[in-house]
Amino acid sequence: MKVLVATEKPFAAVAVDGIRQVIEEAGYELELLEKYTDRADLLAAVADADALIIRSDKVDAEVLDAAKQLKIVVRAGAGYDNVDLAAATAHDVCVENTPGQNSNAVAELVFGMTVMAVRNMYNGTSGTELKDKRLGIHAFGQVGRNVARIAKGFGMEVSALDPYCPDQVMTEAGVTPVHDLKSLYADNDVVSLHIPATAETKGSVGYDLVTLMPKGGVLVNTARKEVIDEPGLIEALRERKDLKYVADVRPDAAEEMEKEFAGRVFFTPKKMGAQTAEANINAGIAAARQVVAFLRDGIDRFRVNK
Ligand code: 3PG
């Protein structure tokens with residue numbers, strides 16, 4: 001059996017060593033396709049793969065058509081909007097993610113970027129502190145929960161909105177549940193986005209919500225660029241010169257925004273949230289173990305397609 005690890009943005013070498021060990025100990029063969037720039041390379045490599053481990057790599061019907069022996073795709077990470085689930089189901093391929101494995105890394109980056117924003121991108125002028133400021137967490141999944149934990153250390157007042165999460169989970173974490181989306185934006189100095197990119201959430205954060213934010217508000221996006229209504233956000237930043245936007249997901253209009261809103265926006269050049277050795281090891285090895293559990297024992301605990 002062949003397990004292909006195809007990562008346009010590679011894991012740390014130490015994580016690849018760990019993945020190799022899990023795969024080879026199970027008696028399977030590991031093939032690595034890293035930093036590929038040509039999709040044809042992925043289509044060729046996947047042809048005789050029984051399992052595929054990916055990150056944000058796109059797996060659509062074309063890839064699935066080319067992968068005649070494929071039984072399972074594990075997205076080493078949380079968001080699986082890069083995988084065509086319906087096509088995978090139609091090809092009888094199981095799709096899994098590795099929830100929680102890279103969430104601390106993303107949560108730490110939220111604070112890296114938030115501090116940078118409130119200190120005026122380190123331009124030498126007086127900024128503000130996070131202590132006693134209000135943080136609103138938009139979606140209280142694994143990343144949101146880690147963000148809440150770290151925010152407590154900063155001395156922030158934390159609230160969260162998540163229709164899929166019971167209030168009790170929030171209150172036990174010392175977080176105030178919010179049920180009204182507008183209030184989440186209107187009542188917080190910093191709002192951190194952790195919603196997945198789904199049909200329901202795409203383009204859902206734009207002018208109407210962002211302009212509700214109080215003076216000096218900071219919107220932090222370590223989720224997906226697709227959840228933002230970019231023209232609406234641009235309009236909001238144009239109208240409200242006190243607002244800032246920092247994102248781990250470069251917007252389509254990044255260059256124009258960097259020019260027009262210089263000093264008020266920051267974008268990582270490549271998605272960096274999960275780019276730590278620890279997150280790579282956790283997510284990569286979890287993915288390898290899930291592949292082995294599926295191929296050897298038929299266990300599909302983390303399946304996300306029907
Ligand atoms: C995730 O959904 O797990 C994160 O966005 C990380 O994505 P990456 O593996 O492409 O860095």
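**Exercise 1.** Determine how far a polar side-chain atom of Asn 102 lies from an oxygen atom of the ligand.

*Solution.* Step 1: a polar side-chain atom of Asn 102 lies 2.9 Å from an oxygen atom of the ligand. A polar contact is a pair of N or O atoms within 3.5 Å; within protein, one must be able to donate a hydrogen and the other to accept it, and residues adjacent in sequence count only if both atoms are side-chain atoms.

Step 1: for Arg 75, a polar side-chain atom is 3.0 Å from a ligand oxygen atom. For Lys 271, an N or O atom of the side chain is 2.7 Å from an oxygen atom of the ligand.

The model is predicted, with local features needing pLDDT of at least 70 and side-chain atom pairs pLDDT 80 or more, while totals for chains, interfaces and linings use all residues. Residues are numbered from 1 along each chain as its sequence is written, and side-chain values use heavy atoms, without hydrogens and water.

**Exercise 2.** State which residues surround the ligand.

*Solution.* Counting residues with a heavy atom within 4 Å, the surroundings consist of Lys 9, Arg 55, Ser 56, Arg 75, Gly 77, Ala 78, Gly 79, Asn 102, Arg 224, Lys 271 and Ala 274.

**Exercise 3.** At roughly what angle do the axes of H1 and H12 cross?

*Solution.* Step 1: helices are DSSP runs (H or I, at least four residues), numbered from the N terminus. Axes are lines fitted to C-alpha atoms over the stretch in contact (heavy atoms within 4.5 Å), with angles from 0 to 180 degrees between N-to-C directions.

Step 1: the axes of H1 (residues 13-25) and H12 (residues 277-297) come within 8 Å and cross at roughly 15°. H1 is therefore roughly parallel to H12, a term for angles under 35 degrees.

Terms used. Helices (H or I, at least four residues) and strands (E, at least two) are DSSP runs, numbered from the N terminus. Angles under 35 degrees count as roughly parallel, over 145 as roughly antiparallel, 65 to 115 as roughly perpendicular and the rest as oblique.
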